[in-house]
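Student: I am new to this structure and would like to learn how to read it. Could we go through some features in turn?

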Amino acid sequence: MSQGRFITFEGIDGSGKSTQARLLAQHLQDRGAKVVLTREPGGSPGAEDIRALVLEGDPDKWSAETELLLFTAARRDHLEKTIDPALRAGKIVISDRFADSTRLYQGITRGDLRAKVDTLHEMMIGREPDTTFIIDMDPDVGLERALSRQTSEERFEGFGVDLQRKMRDGFLKLAEEFSNRCIVIDGARAVEDVAVDVAAKADALLA
Ligand code: ADP
Ligand code: TYD
């Protein structure tokens, strides 16, 4: 049976994850790879339903614990319906966010829930990406970019720059914790420059 590769993009809101995930998918497709580009929360019909529940509305709508359950439920569906079947078919799966986002958002910044995040992850998900690109950048710039999109999905962006700053530090610590799979990328450059950097690193890993 052929074996696929699982690549994720992580980083603060507005750091350029979605842009870079799309450009890497395009780059690998141009080289003849079979690629599935997906995202969290979401990435399967059921998980997209949960996405609307968690990302829209009042910032105080859910507790950190309830959020943890909702994000994990969405991830389980995403894994069953989208990620695992694609990996079994030998495809490269590129996901805009995955479990590292839960480790940070619910695990640290929304409450001291990291132990529960890890337990639930082990019970219900039990899978890590092969490679994670962490797009790093100044939180002020990230937030400005994220807010300029003006979508209705702003529960988290409404938390402001202090949370973003905590998140940036958290992602850099996570890169050390999971140094076997995490690559930190400087996101404060032109889109094309970041994309060339990411593509070169991905090519080297996939070779
Ligand atoms: P994320 O998925 O991390 O929230 P996006 O890829 O959606 O970030 O980018 C957020 C906004 O910033 C978008 O409007 C996008 O066009 C813009 N953007 C992305 N990367 C860059 C970059 N390197 N320089 C300037 N603007 C960027
Ligand atoms: P996303 O749409 O990727 O936001 P952005 O493009 O602005 O980076 O994700 C929406 C929000 O959901 C984001 O603020 C992070 C949050 N989130 C969690 O809190 N926990 C999770 O497990 C995931 C996947 C996302």
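This is a predicted model: local features need pLDDT of at least 70, side-chain atom pairs count only at pLDDT 80 or more; totals for chains, interfaces and linings use all residues.

Student: How is the packing of two helices described?

Tutor: Two packed helices are described by the angle between their axes and the distance between the axes. Helices (H or I, at least four residues) and strands (E, at least two) are DSSP runs numbered from the N terminus. Axes are lines fitted to C-alpha atoms, for helices over the stretch in contact, and angles run from 0 to 180 degrees between N-to-C directions. Here, helix H1 (residues 17-30) packs on helix H8 (residues 191-206) at about 50°, and their axes are 9 Å apart.

Student: Which word describes how H1 and H8 lie to each other?

Tutor: Angles under 35 degrees count as roughly parallel, over 145 as roughly antiparallel, 65 to 115 as roughly perpendicular and the rest as oblique. H1 and H8 are therefore oblique to each other. Contact means heavy atoms within 4.5 Å; among the residues that meet are Leu-23 and Leu-24 in H1 and Val-194 and Val-198 in H8. By class, this contact of H1 with H8 has 10 nonpolar, three polar and one charged residues. Ala, Val, Leu, Ile, Met, Phe, Trp, Tyr, Cys and Pro count as nonpolar, Asp, Glu, Lys and Arg as charged, and the others, Gly among them, as polar.

Student: At what angle do H3 and H5 cross?

Tutor: The axes of helix H3 (residues 64-88) and helix H5 (residues 114-124) cross at roughly 25° and come within 11 Å. That makes H3 roughly parallel to H5. Leu-68, Leu-69, Thr-72 and Arg-76 in H3 meet Lys-116, Val-117, Leu-120 and Met-124 in H5. The contact of H3 with H5 divides into five nonpolar, one polar and two charged residues.

Student: How many residues surround ligand 1?

Tutor: A residue is near a molecule if one of its heavy atoms lies within 4 Å of it. Ligand 1 is surrounded by 14 residues, the closest being Gly-14, Lys-17, Ser-18, Thr-19 and Arg-189. For polar contacts, look for a pair of N or O atoms within 3.5 Å. An oxygen atom of ligand 1 lies 2.5 Å from an N or O atom in the side chain of Thr-19. A backbone N or O atom of Gly-16 is 2.9 Å from an oxygen atom of ligand 1. A polar backbone atom of Val-191 is 3.4 Å from a nitrogen atom of the ligand.

Student: Is the peptide bond from Glu-40 to Pro-41 cis or trans?

Tutor: The bond from Glu-40 to Pro-41 is cis, with omega near -10°. Pro-41 lies in the loop between strand S2 (35-39) and helix H2 (45-55).

Student: Is phi of Arg-97 positive or negative?

Tutor: Phi of Arg-97 is near 80°, a positive value in a residue other than glycine. Arg-97 is in the loop between strand S3 (92-96) and helix H4 (99-109).

Definitions and conventions
Residues are numbered from 1 along each chain as its sequence is written. Chains are lettered from A and ligands numbered from 1 in the order in which they are written. Side-chain values use heavy atoms; hydrogens and water are left out. A polar contact is a pair of N or O atoms within 3.5 Å; within protein, one must be able to donate a hydrogen and the other to accept it, and residues adjacent in sequence count only if both atoms are side-chain atoms.
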